[in-house]
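The following paragraphs walk through a few local features of one protein model. Please keep the sequence and the coordinates at hand while reading.

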Amino acid sequence: MRRLGFSIPGDLGITGFDKTEVAHLLDLTTIDYPVVQQAENAFSILQNRWNNTNNGLNTLSYKLVERKST
């Protein structure tokens, strides 16, 4: 975007959806989310459908990690 003349974050804010080391190195704002719990919920959904039950899901907490891209 900078090559096109845009200023980040002045003209454009960029947010990623994964708190990786690369995001940290690039000062990219990201969403940090619980990957293991997300996988557990996905497995529960499959089990519930297989067994025709609805045992509910765990509520997941997401966190905004602000850096210099917003």
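The text covers a helix, a group of aromatic rings and a threonine.

This is a predicted model, in which local features need pLDDT of at least 70 and side-chain atom pairs count only at pLDDT 80 or more, while totals for chains, interfaces and linings use all residues. Residues are numbered from 1 along each chain as its sequence is written, and side-chain values use heavy atoms, with hydrogens and water left out.

Helices (H or I, at least four residues) and strands (E, at least two) are DSSP runs, numbered from the N terminus. Helix 2 comprises 17 residues, 35-51, and spans 24 Å from first to last C-alpha, close to the expected 24 Å; that expectation is 1.5 Å times one less than the number of residues.

Rings of Phe, Tyr and Trp (its six-membered ring) pair if their centres lie within 6.5 Å; planes under 30 degrees apart count as stacked, over 60 as edge-to-face and the rest as tilted. There are three aromatic pairs by this rule. In one of them, the ring centres of phenylalanine 17 and tyrosine 62 are 6.3 Å apart and the planes make 35 degrees, so the pair is tilted. Phenylalanine 17 lies in the loop between strand 1 (15-16) and helix 1 (21-25), and tyrosine 62 in the loop between helix 2 and strand 3 (63-65), so the pair ties together parts 45 residues apart in sequence. Phe17, Tyr33 and Tyr62 form one aromatic cluster.

Threonine 29 belongs to strand 2 (residues 29-32). A polar atom of the threonine 29 side chain lies 2.9 Å from the backbone nitrogen of arginine 67.

Terms used:
Polar contact = N/O pair within 3.5 Å; in protein donor to acceptor, adjacent residues only side chain to side chain.
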